[in-house]
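Open the model in your viewer and keep the selection tool ready.

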Amino acid sequence: ELEAAFKEAKRVLKQQKATLKAQLAQAIADGDTARVGSLRTQIAEIEAQLDALEAQEEAAEEALEAEEEKLEAQLESEEKALEEKEEELERQEEQLEEEEERLREEAEEAEERERERLEEETERVKEEAERIREEAD
């Protein structure tokens, strides 16, 4: 959009310059020195406008490039932060999985100890019951 505006402004100035050059050629052919001087001044002014327009266009392009670079740097920074956050979440997930596995193993060990205790208690009760029966006989 901006490029099109500069292009159109340059086209208009170049067209005016071409028209003035044609008039200058005619004024030279006619020997109209006053008109020749005036036309040369006008052509110089248009050339100055074209130069100024070029400078404005370059400045606008540089500003756009700087903004683009700024946005790219910001995007890179945000992507890096996101990657770091993802890595942190992955570490936390691994820690949670490790903790879950540790707790499961502890629960299984506790369950095994309780089963063994109950088996021992059952065996003791059976032996006590057997002893009482033997005494009763």
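Start with a term for exposure: buried means under 20% relative accessible area, exposed means over 50%, and partly exposed lies in between (1.4 Å probe, protein chains only). This is a predicted model, where local features need pLDDT of at least 70, side-chain atom pairs count only at pLDDT 80 or more, and totals for chains, interfaces and linings use all residues. Residues are numbered from 1 along each chain as its sequence is written, and side-chain values use heavy atoms, with hydrogens and water left out.

A salt bridge here is a side-chain nitrogen of Lys or Arg within 4 Å of a carboxyl oxygen of Asp or Glu. The count by this rule is 15 salt bridges.

Select arginine 115 and glutamate 111. They form a salt bridge, with the closest N and O atoms 3.6 Å apart. Both sit in helix 2 (residues 33-136), 4 residues apart, about one turn of the helix. Helices are DSSP runs (H or I, at least four residues), numbered from the N terminus. Arginine 115 is partly exposed at 37%. Glutamate 111 is partly exposed too, at 49%.

Next, select glutamate 121 and arginine 124. Their salt bridge has its closest N and O atoms 2.5 Å apart. The two are 3 residues apart in helix 2. Glutamate 121 has a relative accessible area of 32%, and arginine 124 has 43%.

Now select glutamate 128 and arginine 131. Here the closest N and O atoms of the salt bridge are 2.2 Å apart. About one helical turn of helix 2 separates the pair.

Finish with Lys10, Glu54 and Glu57. Salt bridges link these residues in a network.
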